[in-house]
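Me: I am new to this structure and would like to learn how its features are read. May we take them in turn?

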Amino acid sequence: MFYEILKEICKKKKTSPSAVCLALGMSKSNVTAWKAGRSPTIDTVIAIANHLGVSPARFIYHKATR
């Protein structure tokens, strides 16, 4: 679920999940783990949200913010 939300937000921001990871100094292997259904830590969610200029809540309350 996290990956699908991230992918949608990245598309709107004209970037990719892999590019976001690299910009934040994270391994692109995180993207593979998220695709497989793993969830990131809250610190990672906050860092990604800040990088993309969105609220971390977008990753939690995604359906309500559409």
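**Reading a residue, a core and a helix pair**

Reply: We may begin with a single residue in this predicted model. T44 has a relative accessibility of 17%, and because buried means under 20%, T44 counts as buried.

Me: In which helix is T44 found?

Reply: T44 belongs to helix α4, which covers residues 42-52. Its side chain makes a polar contact with the side chain of T41, at 3.0 Å. Not counting residues up to four places away in sequence, T44 touches M26 and W34.

Me: Which residues of the largest nonpolar core touch the most other members?

Reply: In soluble globular proteins, nonpolar side chains tend to be buried together. Here the largest nonpolar core has 17 residues, of which F2, L6, W34, I48, L52 and F59 touch the most other members. The elements giving two or more residues to this core are α1 (2-12), α2 (17-23), α3 (29-35) and α4. The largest share, six residues, comes from α1. As for F59, its contacts, leaving aside neighbours within four places in sequence, are F2, I5, L6, I9, V45, I48, A49, L52 and V54.

Me: At what angle do α1 and α4 pack?

Reply: Two packed helices are described by the angle between their axes and the distance between the axes. For α1 and α4 the angle is about 15°, and the axes are 11 Å apart. The two helices are therefore roughly parallel to each other, since angles under 35 degrees count as such. The contact is made by F2, L6, I9 and C10 of α1 with V45, I48 and L52 of α4.

Me: What is the handedness of the crossing between α1 and α4?

Reply: The crossing in which α1 passes α4 is left-handed.

Note on methods
Residues are numbered from 1 along each chain as its sequence is written. This is a predicted model: local features need pLDDT of at least 70, side-chain atom pairs count only at pLDDT 80 or more; totals for chains, interfaces and linings use all residues. Side-chain values use heavy atoms; hydrogens and water are left out. Helices (H or I, at least four residues) and strands (E, at least two) are DSSP runs, numbered from the N terminus. Buried means under 20% relative accessible area, exposed over 50%, partly exposed in between (1.4 Å probe, protein chains only). A polar contact is a pair of N or O atoms within 3.5 Å; within protein, one must be able to donate a hydrogen and the other to accept it, and residues adjacent in sequence count only if both atoms are side-chain atoms. Contact means heavy atoms within 4.5 Å. A nonpolar core is a set of buried Ala, Val, Leu, Ile, Met, Phe, Trp, Tyr and Cys residues joined through side-chain atoms within 4.5 Å. Axes are lines fitted to C-alpha atoms, for helices over the stretch in contact, and angles run from 0 to 180 degrees between N-to-C directions. Angles under 35 degrees count as roughly parallel, over 145 as roughly antiparallel, 65 to 115 as roughly perpendicular and the rest as oblique. A crossing is left-handed if the near helix is turned anticlockwise from the far one by less than a right angle, and right-handed if clockwise.
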